[in-house]
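Please brief me on this model. Cover helix packing, voids and confidence.

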Amino acid sequence: MLKHWPPLSSLRGFEAAARLGSFHKAAEELHLTQSAISQQIRSLEAYLEQPLFFRSGRSVSLTDAGHDLLSTTQAMLQQLAVGIRRLGQYQKPNQLVLNTTPAFARHWLLPRLGEFRRQYPQVDLWIFTTDEVPDMASQTIDLAVRDDISAQAECSFKVLHADRLYPACHPSVRALPCEQRTTLHGEREMDWSHWAVEAGIDVGQQDQGLNFSDPGLLLDAAAAGLGIALVSELLSRQARASGLLQPLVEQTIRGPNWALLTHRDSEHDPMARSFTTWLHDNLPAVGTLTAT
């Protein structure tokens, strides 16, 4: 890598002159003098130790090196312009950054976003999904709603909903004999070992089958008719209401707790309060704990 990069101003002057085919036009576009453009390009050529333009009186044309550098410079300036413009999203006055799991976002939040938007159109919600638990102290996150999160420093912690799990499948799979049903396996609470210990009911689950690390994908697979799965009551409501899932038995077992983590700096923010109010209206509160 080069130890020192040429000044950005010289690259802008070169790009304008190369694109317009004129030092004079480049100067007008950049609100500089023609001599300033000429000096920038001379400095760039000296730095690169090769000419970038053929000069013949007042007309200029690119050398092969100049053509090569033009494509690189235009791509770089375009990417830089996009990146700088994108920074504006961090200055939106009503922005609210919510972290959650992909499963919660897809199966619970997304079907209800229209309702939230109608109630709180002023909230500019940014949904940031991750498989990993975020570090609220080092990341720009106002709220986190997850089933794998615990209290963190400088955040308030509140359990929103105690989930329940039950075995379910697509109606077409339910009609099959037990031995013909593929078993879909999940991780953590969605592992069938929890069902065997807590419910003790054999619904035809087998040790082999298809395995999923994402509970949302596990739910999708069950709703698509790939087999039987242990699914979340909370996340499966939409699929069940649509007739894509049917329970194998009425028994349920304890599932994960869905919790809300609010950064201390966002606790009194009107946008965060609006979203929190909406959550409380849609999920029954269970308990509150604050970490300091």
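At what angle do the axes of helix H2 and helix H3 cross? They cross at roughly 105° and come within 8 Å. This is a predicted model, in which local features need pLDDT of at least 70, side-chain atom pairs count only at pLDDT 80 or more, and totals for chains, interfaces and linings use all residues. Residues are numbered from 1 along each chain as its sequence is written, and side-chain values use heavy atoms, with hydrogens and water left out.

**Helix packing**

- H2 covers residues 23–30 and H3 covers residues 34–48; helices (H or I, at least four residues) and strands (E, at least two) are DSSP runs, numbered from the N terminus.
- Axes are lines fitted to C-alpha atoms, for helices over the stretch in contact, with angles from 0 to 180 degrees between N-to-C directions.
- On H2, the contact (heavy atoms within 4.5 Å) uses Phe23, His24, Ala26, Ala27 and Leu30; on H3 it uses Gln34, Ile37, Ser38 and Ile41.
- That H2 to H3 contact has 6 nonpolar, 3 polar and no charged residues (nonpolar: Ala, Val, Leu, Ile, Met, Phe, Trp, Tyr, Cys and Pro; charged: Asp, Glu, Lys and Arg; polar: the others, Gly among them).
- H1 (residues 8–20) packs on H3 at about 110°, with axes 9 Å apart.
- H1 and H3 are therefore roughly perpendicular to each other.
- H1 supplies Ser9, Ser10, Leu11, Gly13, Phe14 and Ala17, and H3 supplies Ile37, Gln40, Ile41 and Leu44.
- The H1 to H3 contact has 6 nonpolar, 4 polar and no charged residues.

**Pocket and cavity**

- The largest pocket has a volume of about 290 Å³ (a pocket is an open set of points on a 1 Å grid over the protein atoms alone, with protein on both sides within 12 Å along at least five of seven lines; lining residues have an atom within 4 Å of a point).
- Of its 19 lining residues, Asp131, Arg188, Ser213, Asp214 and Pro215 are the closest to the centre.
- The pocket lining divides into 7 nonpolar, 4 polar and 8 charged residues.
- The whole structure has 1 cavity of 30 Å³ or more (in a cavity a 1.4 Å probe fits but cannot get out).
- The largest cavity holds about 40 Å³, and its lining has 7 nonpolar, 1 polar and no charged residues.

**Confidence**

- Mean pLDDT (the predictor's confidence in each residue, from 0 to 100) is 90 for the chain, and 94% of residues reach 70 or more.
- Over residues 285–292, pLDDT stays under 50.
- Where pLDDT is low, the predicted coordinates should not be read in detail.

Terms used: Grid points are joined across faces, edges and corners, and a volume is the space filled by probe spheres set on the points. Angles under 35 degrees count as roughly parallel, over 145 as roughly antiparallel, 65 to 115 as roughly perpendicular and the rest as oblique.
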